[in-house]
Amino acid sequence: MIDFEDAPSGGGGRARGIFQGHRYQFVEEVEWQVAPPTEARAEITLNTPEDELPGYLQNLNLPQKEAALETHGPVMVLAGAGSGKTRMLTARIAYLIDCLKISPYRILAVTFTNKAAMEMRQRIGKALQHSVAYPDVGTFHSIAVKILRRESQHLPFTQPFVIYDDSDQLSLIRSVLNKLGLDTKKTSPKAVQAFVNRMKCDGVEPHEFQPADFDRSEKQMKEIYGVYQKALVDSNALDFGEILCITYRLFRDQEAVRKRYQSLYQFIHVDEYQDTNRIQYLLLSMLTSRKWGGHENLCVVGDEDQSIYKWRGADIGNILDFENEYPGAKVIKLEQNYRSSQTIIRAASDVIAHNTERKRKTLWTENPEGDPIQRIHVVDERMEAQWVIAEIQRLGREQGYSLNDMAILYRTHAQSRQFEDYLRREKLPYQMIGGVRFYDRKEIKDILAYLKVLINPSDSVSLARIINVPARGIGKTTLEKLEELTHSKEPDAPTTLWGALKTSLDQNTWNARVHNKLSDFLTKIERMRSRMTTELVSDVYHELLEATGYVSELKKEGTVEAESRIENLEELDNLIKEFEDELLRGKTEDECLTLKPQLLGIFLERTSLVSSTDDAMEGSTLKMMTLHGCKGLEFPIVFMVGLEEGLFPSTRPWEEVDEEEMEEERRLCYVGMTRAEQRLYMTHANSRRVWGQFQIHEPSRFLSEIPKELVHQIRLIPQQARSPMAPSSGFSLSGSSGKHPWIGQEIRHPQYGIGSIHQVTGSEGDERVVVRFKSGLEKKFLARFLMGE
DNA sequence: CTGTTCTAGATTTTT
DNA sequence: TCTAGAACAG
């Protein structure tokens with residue numbers, strides 16, 4: 001039953017739980033010799049009677065068992081949705097360790113997200129009961145970073161390097177454009193970023209790129225890319241793409257290193273293989289391909305029907321080419337679905353059958369036929385949310401479903417708003433997966449930037465971010481002058497902002513006022529830096545908040561936002577403590593001593609690599625997420641919302657429809673539909689507000705691709721939306737007589753209560769008003785909004 | 001140098 | 001509609 005008493009969880013990316021069960025190894029526990037080839041196959045075969053099998057191999061179907069036992073040589077498993085591929089992978093790894101006596105350290109499993117890695121680790125642990133050692137399980141990025149830390153002597157980067165996320169990357173690109181004297185209006189930083197990342201997905205370095213002969217912009221891009229790469233090295237920072245590229249180059253160019261990792265990771269597994277990109281493919285072939293002296297013990301698991309990251313460089317070619325790269329590869333299909341009803345499987349299969357570029361694979365199930373697909377036609381997005389929430393309550397009340405049996409899936413995060421509103425109103429606890437990452441919040445990024453500067457003063461992006469945060473009188477012009485110093489071509493000119501800061505202070509180039517401010521800042525940072533080596537991160541963290549006055553600034557503000565920012569900083573404090581606890585627990589004093597200076601680096605690395613979908617799922621809450629975020633999950637009941645042309649499939653009206661993109665949208669639809677076990681709802685609205693404007697939408701083409709006999713259609717008429725139980729839309733005016741606001745007019749707001757208009761600005765029809773509420777609170781609103789359309 | 005207002009761009013999806 | 005960067009005034 002739904003617990004109606006629970007308070008709403010507030011949604012948003014909570015960071016809790018991210019670090020649970022995530023154990024990095026620092027003390028090297030691996031000997032670097034080549035293990036003897038494992039000839040000693042255990043006597044388990046496909047014919048072994050079920051009751052003689054170890055538990056983890058029982059109850060697998062034939063192809064699953066085949067895939068699990070085919071441990072040597074290249075294997076590609078084409079696993080349909082819900083066909084038990086994680087089960088198979090777990091069984092396979094357990095079998096390697098338990099029966100074939102392969103050391104867990106010789107096994108690598110690559111997953112798409114950190115959350116998936118955590119789950120797999122848990123499942124392997126369960127299968128092996130009491131095993132102490134775990135195989136390496138992680139994302140491409142986390143594994144690559146680990147390797148880079150270990151092999152830093154071969155890299156242009158020095159040890160405590162930092163990782164730049166997308167927005168850091170964008171800042172660096174801006175500063176590069178600036179340095180090159182390019183106008184950001186003509187060369188958009190975003191376009192440069194897209195270009196750079198595209199290059200990196202394919203593993204193309206600046207000098208390798210061949211611009212088309214007469215294409216000036218490509219030539220310019222190439223140049224910017226080169227300068228950007230240099231700036232990365234100067235900042236001692238890696239962006240996401242670079243993490244993989246540089247690891248690839250390390251393996252390609254350093255044979256000894258490559259050999260070592262080939263023998264370290266003798267059995268490699270890759271989940272969600274359909275979403276790997278070129279550089280990940282190259283990385284894998286470095287470790288496994290015969291061409292590079294690899295062992296070919298590679299097992300990839302994927303489903304081209306679920307490939308939904310083409311826009312990020314995922315290359316379906318990786319699936320199609322597998323058999324060429326690894327001749328003699330065994331291809332195994334898992335086609336039996338254990339998750340969904342017949343109806344859902346048939347509907348989803350019919351939809352995906354409209355794609356032309358796919359390998360034939362037929363999903364089937366022994367599950368009962370189940371309910372028809374519920375197609376709900378509503379008037380607008382408010383009604384959609386209202387109806388879905390009411391239905392969720394009904395299912396809880398009448399059929400005993402609990403909230404975590406259900407999920408709402410949408411195409412874009414922006415669609416979550418309506419649902420949040422109604423969920424809050426109805427006091428149903430919910431959790432949004434994805435959205436704004438905890439670590440992307442401004443205050444968290446600020447403080448992390450400080451921490452990054454502490455371990456790596458070369459990090460100019462972070463330094464520029466915090467040099468005047470909170471405001472300490474170091475303004476734009478000063479910063480610009482500092483940056484200019486780094487652009488100088490003199491032989492011993494500083495290359496980093498930090499260097500520029502130091503030399504300029506040494507050479508007394510500033511007037512007294514600026515000089516003092518800068519040197520104050522410098523000494524503060526230096527002092528904290530010196531404490532870093534001996535003290536815990538949590539202690540430095542406190543001094544940081546103290547010395548910079550960050551929290552006291554926030555306290556001064558006294559707004560609700562500031563309050564929640566302070567709370568977030570406290571949450572960060574908890575996370576740091578939790579992290580230190582986890583790493584230092586059970587360690588000897590000596591070990592702690594060596595560990596301490598590394599703590600901050602590891603902490604920052606983790607914060608950069610967790611994604612917004614890595615949030616732990618909490619107990620009985622309704623889950624909402626994008627269709628991309630639902631990959632790998634399943635729910636008894638699924639609501640897919642906003643099935644409208646333009647929104648889903650998402651198209652840009654001014655651009656021609658790209659057939660390939662349309663097929664990706666369709667795969668996304670397939671992924672969403674196959675999340676449902678028992679019941680699937682699909683809603684579409686007649687019209688909805690997009691960017692504040694009403695748009696009329698046709699029902700999504702995907703709806704018509706489902707056979708009619710599988711669908712139960714419901715059309716909700718407008719009157720229902722205005723029924724007494726429907727909360728009115730936000731505001732109501734008491735005693736309003738006209739369409740225009742006047743000063744002194746009384747306003748009732750559902751959240752803030754009663755107030756009166758204090759000020760009116762803006763032109764007729766687009767007035768903005770300031771309302772002063774009884775509580776003394778002053779808020780600004782759009783009058784149009786306030787007058788109820 | 002700071003705080004405010006103005007404008008443009010974004011909403012497709014993320015390691 | 002909202003946000004973040006840019007431009008402007010104090």
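This is a predicted model: local features need pLDDT of at least 70, side-chain atom pairs count only at pLDDT 80 or more; totals for chains, interfaces and linings use all residues.

User: Is α16 parallel or oblique to α24?

Analyst: Angles over 145 degrees count as roughly antiparallel, and 65 to 115 as roughly perpendicular. The crossing here is at roughly 135 degrees, so α16 falls in the remaining class relative to α24: oblique.

User: Is the crossing of α16 and α24 left-handed or right-handed, and which residues of α24 make the contact?

Analyst: α16 passes α24 in a left-handed crossing. From α16, the contact uses Leu448, Leu451, Lys452 and Ile455. By class, this contact has 6 nonpolar, 2 polar and 1 charged residues. On the α24 side, the residues are Leu600, Gly601, Phe603, Leu604 and Thr607.

User: How are α20 and α21 oriented to each other?

Analyst: Helix α20 (residues 512–532) and helix α21 (residues 537–548) have axes 10 Å apart, at an angle of about 170 degrees. Angles over 145 degrees count as roughly antiparallel. The orientation of α20 and α21 is therefore roughly antiparallel.

User: How many charged residues does the contact of α20 with α21 have?

Analyst: α20 brings Lys524, Arg527, Met528, Arg531 and Met532. α21 brings Asp539, Val540, Glu543, Leu544 and Ala547. By class, there are 5 nonpolar residues, no polar ones, and the number of charged residues is 5.

User: Turning to the DNA, which helix gives the most to the surface near DNA strand B?

Analyst: There are 28 residues around DNA strand B, and those that come nearest are Arg411, Gly475, Thr477, Thr478 and Ser611. By class, this surface has 7 nonpolar, 14 polar and 7 charged residues. With 3 residues, spanning part of 476–487, the helix that gives the most is α18.

User: How far is a polar side-chain atom of Arg411 from a base oxygen of DNA strand B?

Analyst: On the phosphate side, an oxygen is 2.8 Å from a polar backbone atom of Gly475. On the base side, a polar side-chain atom of His141 lies 3.1 Å from a base oxygen. For Arg411, the side-chain distance to a base oxygen is 2.2 Å.

Methods:
Residues are numbered from 1 along each chain as its sequence is written. Chains are lettered from A and ligands numbered from 1 in the order in which they are written. Side-chain values use heavy atoms; hydrogens and water are left out. A residue is near a molecule or strand if one of its heavy atoms lies within 4 Å of it. A polar contact is a pair of N or O atoms within 3.5 Å; within protein, one must be able to donate a hydrogen and the other to accept it, and residues adjacent in sequence count only if both atoms are side-chain atoms. Helices (H or I, at least four residues) and strands (E, at least two) are DSSP runs, numbered from the N terminus. Ala, Val, Leu, Ile, Met, Phe, Trp, Tyr, Cys and Pro count as nonpolar, Asp, Glu, Lys and Arg as charged, and the others, Gly among them, as polar. Axes are lines fitted to C-alpha atoms, for helices over the stretch in contact, and angles run from 0 to 180 degrees between N-to-C directions. Angles under 35 degrees count as roughly parallel, over 145 as roughly antiparallel, 65 to 115 as roughly perpendicular and the rest as oblique. A crossing is left-handed if the near helix is turned anticlockwise from the far one by less than a right angle, and right-handed if clockwise. Contact means heavy atoms within 4.5 Å.
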